Amino acid sequence: MLISWMDYPSNMFESRKASLIAVTVAACLGSNYALIGVANFKVMDLLVFVSGFVFGPMIGASVGILVWTVYGLLNPYGFVPQIWIATMLSESIYGVAGGLLGKSLSAVRLPSNRAGLSILFGATGFLLTLTYDLVTNIAFALTFNVPIIAALIAGIPFAIIHEASNTVLFGICSIPLITVLERSYRGMISWRF
Amino acid sequence: MAFLKNKWALAAICILCWAIAASLLLGYYYYQYTDLTSRLERSKAIINLGIDYGNGTRIWFNGTRGLTLYDAMLEAGWKVDAESYGTMGLYVKAINGVEQSIEQSRYWTWWMWTSLGWAHGGSACDKYVLSNGETILWYYSYADPKTFEITPPP
């Protein structure tokens with residue numbers, strides 16, 4: 001409710017938007033648990049980004065934070081509060097960036113610029129994942145008293161896999177996903193905060 | 001969003017991502033390389049290495065460091081002419097310009113000092129991993145052409 005109020009102050013109890021966030025969060029969680037055995041390959045980042053792109057940065061950020069609220073608490077790899085907070089905040093970057101990009105691309109017709117947009121989304125996925133890995137690795141280093149440089153260097157192979165998979169996912173899947181969501185939620189989409 | 005139509009701008013974005021990823025991998029492998037070399041440097045053994053030319057000249061290089069005997073020979077500044085026999089290792093044909101002589105039946109062999117005296121090395125010098133404090137001598141040995149028995153150092 002708080003999230004709805006932040007995004008749409010005049011429609012505080014708009015149930016469709018609340019359900020939209022819930023469904024997206026559920027999709028993220030479902031995909032995360034389904035891919036638990038595949039290290040550093042997650043569809044969640046793409047879903048958070050696309051939710052931000054289509055429904056605005058606040059909803060995108062909310063989805064990112066809510067997903068990690070649940071996934072961080074009920075995580076088979078364990079629970080560390082500092083890293084939990086870092087991942088929650090870092091994940092929200094995908095949603096915020098998606099929202100800002102969606103706002104700036106509101107005049108662009110997706111199907112007519114497919115190649116250019118795919119490259120743009122792929123690069124965005126790469127850079128956002130780089131930021132996410134950087135923040136979470138620094139949080140890991142500070143939490144476990146590991147030298148930051150050593151933690152960053154040791155995390156590079158995992159980061160590269162994460163970044164490469166997100167580059168491909170963002171580049172290939174963003175446009176079809178956004179197109180489907182825009183059709184499904186026509187009338188609800190607005191390029192404002 | 002005119003840059004979506006600009007091929008150069010899109011190519012620049014791709015190259016930027018590639019450059020970041022390549023730099024990350026470069027940093028990772030550089031760190032791995034320097035870490036490995038520093039560990040290997042720390043694990044080098046310190047030995048007493050000697051060379052006996054079989055003519056009464058014996059020179060010692062005490063405190064020589066190396067991972068293998070071949071490393072230590074190079075560390076001591078010797079000029080080693082060796083031939084590789086694959087997994088069997090290096091066969092030393094000449095040291096410091098003194099070549100083996102089939103006519104005179106003289107060959108380069110290495111020996112380790114033990115409580116019982118000199119013991120023949122028994123393996124290729126690049127396959128032998130050194131331990132701290134060992135005393136190893138390269139000797140220009142005479143080998144009996146009939147029995148192939150090698151004369152140990154005096």
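Colleague: Does Leu26(B) count as buried or exposed, and how many C-beta neighbours inside 10 Å does Leu26(B) have?
Modeller: In this predicted model, Leu26(B) is found in helix H1 of chain B, which covers residues 7–42. Because Leu26(B) has 11 C-beta neighbours inside 10 Å, Leu26(B) counts as exposed.

Colleague: How many Å apart in space are Leu26(B) and Ala11(B), C-alpha to C-alpha?
Modeller: Leu26(B) lies in helix H1 of chain B, residues 7–42. In sequence, Leu26(B) and Ala11(B) are 15 residues apart, and from C-alpha to C-alpha their separation in space is 22 Å.

Colleague: Does Asp144(B) count as buried or exposed?
Modeller: Asp144(B) sits in the segment that follows strand S8 (135–142) of chain B. The C-alpha atoms of Asp144(B) and Ile13(B), which are 131 residues apart along the chain, are separated by 73 Å. Because Asp144(B) has 10 C-beta neighbours inside 10 Å, Asp144(B) counts as exposed.

Colleague: Are H4(A) and H5(A) roughly parallel or roughly antiparallel?
Modeller: Helix H4 (residues 57–73) of chain A packs against helix H5 (residues 81–104) of chain A at an angle of about 155°, and their axes are 7 Å apart. Angles over 145 degrees count as roughly antiparallel, and therefore H4(A) and H5(A) are roughly antiparallel.

Colleague: How do the residues of the contact of H4(A) with H5(A) divide into nonpolar, polar and charged?
Modeller: H4(A) passes H5(A) in a right-handed crossing. Among the residues that meet there are Val63(A), Val67(A) and Trp68(A) from H4(A), and Trp84(A), Glu91(A) and Tyr94(A) from H5(A). The contact of H4(A) with H5(A) divides into 11 nonpolar, 9 polar and 1 charged.

Colleague: Which element gives the largest share of the largest nonpolar core?
Modeller: The largest nonpolar core has 35 residues, and those with the most contacts inside it include Cys28(A), Phe49(A) and Val50(A). The elements of chain A that give two or more residues to this core include helix H2 (15–34), helix H3 (44–55) and helix H6 (114–143). The largest share, 9 residues, comes from H3(A).

Colleague: Which residues does Cys28(A) touch, not counting residues up to four places away in sequence?
Modeller: Cys28(A) is one of the residues with the most contacts inside the largest nonpolar core, as are Val48(A), Val63(A) and Val67(A). Not counting residues up to four places away in sequence, Cys28(A) touches Met44(A), Leu47(A), Val48(A), Val63(A) and Val67(A).

Technical notes: Residues are numbered from 1 along each chain as its sequence is written. Chains are lettered from A and ligands numbered from 1 in the order in which they are written. This is a predicted model: local features need pLDDT of at least 70, side-chain atom pairs count only at pLDDT 80 or more; totals for chains, interfaces and linings use all residues. Axes are lines fitted to C-alpha atoms, for helices over the stretch in contact, and angles run from 0 to 180 degrees between N-to-C directions. Helices (H or I, at least four residues) and strands (E, at least two) are DSSP runs, numbered from the N terminus. Angles under 35 degrees count as roughly parallel, over 145 as roughly antiparallel, 65 to 115 as roughly perpendicular and the rest as oblique. A crossing is left-handed if the near helix is turned anticlockwise from the far one by less than a right angle, and right-handed if clockwise. Two residues are in contact if their C-beta atoms, placed from the backbone, lie within 7 Å. Ala, Val, Leu, Ile, Met, Phe, Trp, Tyr, Cys and Pro count as nonpolar, Asp, Glu, Lys and Arg as charged, and the others, Gly among them, as polar. A residue is buried if 20 or more other C-beta atoms lie within 10 Å of its own, exposed if 12 or fewer, and partly exposed in between; C-beta atoms are placed from the backbone. A nonpolar core is a set of buried Ala, Val, Leu, Ile, Met, Phe, Trp, Tyr and Cys residues joined through C-beta atoms within 7 Å.
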